[in-house]
Amino acid sequence: MRLVDRRTQISRRNFLKTTGAAGPVAVLVGTSITADAAWAQAATTIKPAVLATMVKAARDIYPHDQIGDVFYVRAVTPWDAKAAKDPAVATMLADGVARLDADAMAKHNSTYLAMLWEADRVALLRGIEDTAFFKAMRSDLVVSLYNQPELWPKLGYEGSSAEHGGYIARGFNDIDWLPTV
């Protein structure tokens, strides 16, 4: 009986031949928006790359490892409608992202969106924290990010208690980690 090895046999030569075409494709993909930011293509006023960078900055401004990017996307996408109503907002956003990218290129030879290390991105954000772009994003995110009821359980917030009689009747005395006296 003859044994046949059904695993694919790849030689070094075939590997180099088949992956050689991936280089130019990787360069082209690196200059456009990635597949995980395809949602940004639906923007009407703001460029998709600007929105994708804003989502990355939003995650760096209010970092939560336990929540997904979808909540940050929901928090940032209303900026497209704001920019459609006011051209000054569109200019502020485009200029703010351009400044982030310029600072990232100067210090790390990469765009802000392509930077891998969160600490490096946060350092860049600290450099622009006095700009109108950063202040507008930070103040808007407090409401637009944390006012998503689907997000509340992930952060341990049970929601409003006013319609349930207030916190006296709902969780006021639920401390179970303190010893009883």
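The buried residues of helix α5 (residues 78-85) are covered by elements that include α3, α4, α6 (87-108) and α8 (132-146), where cover is a matter of contact, that is, heavy atoms within 4.5 Å. The residues of α5 that count as buried are W79, D80 and A83; buried stands for under 20% relative accessible area, exposed for over 50%, and partly exposed for values in between (1.4 Å probe, protein chains only). Seen down the axis of α5, these buried residues fall within an arc of 105 degrees, so they line one face of the helix. The arc is taken over the directions from the helix axis to the C-beta atoms. Helices (H or I, at least four residues) and strands (E, at least two) are DSSP runs numbered from the N terminus.

The model is predicted, and local features need pLDDT of at least 70, side-chain atom pairs count only at pLDDT 80 or more, and totals for chains, interfaces and linings use all residues. Residues are numbered from 1 along each chain as its sequence is written, and side-chain values use heavy atoms, with hydrogens and water left out.

The chain contains 9 helices and 0 strands, in the order α-α-α-α-α-α-α-α-α along the sequence. Of its 181 residues, 29% count as buried. The accessible surface of the chain is about 12500 Å², and carbon and sulfur atoms account for 59% of this surface; the areas come from the Shrake-Rupley method with a 1.4 Å probe, and for residues only the protein chains shown count as cover. Among contacts between residues at least 6 apart in sequence, 56% join residues at least 24 apart.

Two packed helices are described by the angle between their axes and the distance between the axes. For helix α3 (residues 48-61) and helix α4 (residues 69-76), the angle is about 115 degrees and the axes are 9 Å apart. Axes here are lines fitted to C-alpha atoms, for helices over the stretch in contact, and angles run from 0 to 180 degrees between N-to-C directions. The crossing of α3 past α4 is right-handed; a crossing has this hand if the near helix is turned clockwise from the far one by less than a right angle, and is left-handed if anticlockwise. On the α3 side the contact is made by L51, M54, V55, A58 and R59, which meet D69, Y72, V73 and V76 of α4. These residues divide into 7 nonpolar, no polar and 2 charged, with Ala, Val, Leu, Ile, Met, Phe, Trp, Tyr, Cys and Pro counted as nonpolar, Asp, Glu, Lys and Arg as charged, and the others, Gly among them, as polar.

P63 lies in the loop between α3 and α4 and is partly exposed, with a relative accessible area of 41%. Not counting residues up to four places away in sequence, P63 touches Y72 and E118. P63 and E118 are 55 residues apart in sequence, and their C-alpha atoms are 9.6 Å apart in space. T77 is placed in the loop between α4 and α5 and is partly exposed at a relative accessible area of 31%. The C-alpha atoms of T77 and M54, 23 residues apart along the chain, are separated by 9.2 Å.

In helix α7 (residues 118-127), the buried residues are R121, L124 and L125. Viewed down the axis of α7, they fall within an arc of 100 degrees, so they line one face of the helix. A119 and R126, on the other side of α7, are exposed. The cover of the buried residues of α7 includes α3, α6 and α8. A123, also found in α7, is partly exposed at 45% relative accessibility.

N109 is in the loop between α6 and α7 and counts as exposed at 66% relative accessibility. Most residues other than glycine have a negative phi; phi of N109 is near 55 degrees, a positive value. I128 is in the loop between α7 and α8 and counts as buried at 1% relative accessibility. Leaving aside neighbours within four places in sequence, I128 is in contact with R99, L100, D103, F133 and F134. I128 and G96 are 32 residues apart in sequence and 8.5 Å apart in space, C-alpha to C-alpha.
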